[in-house]
Amino acid sequence: MSWLLPLSHTVTLTVVHVRRGICGLGMFYAVRRGRKTGVFLSWRECRAQVDRFPAARFKKFATEDEAWAFVRNSSSPEGSKGQETAHVKTSKRPWEPLNEGEELPEPGAKHTKRNTEHIEPDPPVSKDMFSYMGESVIVYTDGCCSSNGRNRARAGIGVYWGPGHPLNVGVRLHGRQTNQRAEIHAACKAIMQARAQNISKLVLYTDSMFTINGITSWVQGWKKNGWRTSTGKDVINKEDFMELDELSQGMDIKWMHIPGHSGFVGNEEADRLAREGAKQSEN
């Protein structure tokens, strides 16, 4: 069962990454009606969804935005509106959907030296338990902070990999309790988990343009300027962005912006996990 973006919403997803279609290195194959709907990065993947499928609808595009627009233009093959799905890689045959409620291993959590040393390492997870966009694994992250900017602020981070996934996590943010730090460290957590699973390609959805702009644009200038802003002031979230930058090295990450609180399942689940984390005590 798909857990990605519902078709009933119209939205532009901002991809801060070099898109293969734009650079002439590849095309985007959109499947509006087929065994699985969504956008695929190769004809082989697309063909598996439409070959001998009754009244299949699919088309090739040069950009990802055009491809998704084509997919959103109608309901899913099963006739249930609002079910937009990307390529879900499973051990089953291509035409067999992942069943809702399938049992997964008990959850664990990855640690870093900086702020989560008390958490046990993640257990290995089968690659078939992840959802994919092309060769990249999809993950949603979110951070929250109640009473942000006040003495009693409580912040949490949420990472969502899919329904009942063993790596889904909602924990309290350590250190300074702010919404921006929570957003950054939610992304850090997802990347740490991916590294622990030997995943090097991610599509990371977040509703924080601050995090996206920081890691894809501002960080390079800050590093050249000795981690100071263009006005010579210290970067407020220096340590946080340093950690995110370090974790991102050697990773192929597509940073995707998704509007918060707009009904998108992945984002809503990451937000729920973050709010649960904020309720925990800070150890």
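**View 1. The buried residues of helix α7 are Gly266, Asn267, Ala270, Asp271, Leu273, Ala274, Gly277 and Ala278.** They lie on the same side of α7, because the arc they cover around the axis is only 160°. An α-helix has 3.6 residues a turn, so residues three or four places apart point the same way. In this predicted model, α7 comprises 14 residues, 265–278. From first C-alpha to last the helix reaches 20 Å, close to the 20 Å expected at 1.5 Å a residue.

**View 2. Strands β6, β7 and β8 are what the buried residues of α7 pack against.** Strand β7 is largely enclosed by the rest of the structure, since six of its seven residues are buried. β6 and β7 run antiparallel and are joined by seven bridges; Gly143 stands opposite Ile157 in β7. β7 and β8 also run antiparallel, with four bridges between them. Here Val159 stands opposite Val169 in β8.

**View 3. The largest nonpolar core has 39 residues.** Phe130, Trp161, Ile191, Leu202, Leu204, Leu244 and Trp255 have the most contacts inside this core. At least two core residues come from each of the strands β6 (136–146), β7 (154–160), β8 (169–172), β9 (201–206) and β10 (252–257), and likewise from each of the helices α4 (179–196), α5 (209–224) and α6 (238–248). Helix α4 supplies the largest share, nine residues.

**View 4. Another core, of 20 residues, lies apart from the largest one.** Among its residues are Leu41, Phe70, Met133 and Met256. In soluble globular proteins, nonpolar side chains tend to be buried together.

How values were computed. Residues numbered from 1 in each chain as written. Predicted model: local features only at pLDDT ≥ 70, side-chain atom pairs only at ≥ 80, totals over all residues. Heavy atoms only, no water. Core = buried A, V, L, I, M, F, W, Y, C linked by side-chain atoms within 4.5 Å. Buried < 20%, exposed > 50% of the residue type's maximum accessible area, 1.4 Å probe, protein only. Expected span 1.5 Å × (residues − 1). Arc of directions from axis to C-beta. Contact = heavy atoms within 4.5 Å. Pairing = 2+ DSSP bridges.
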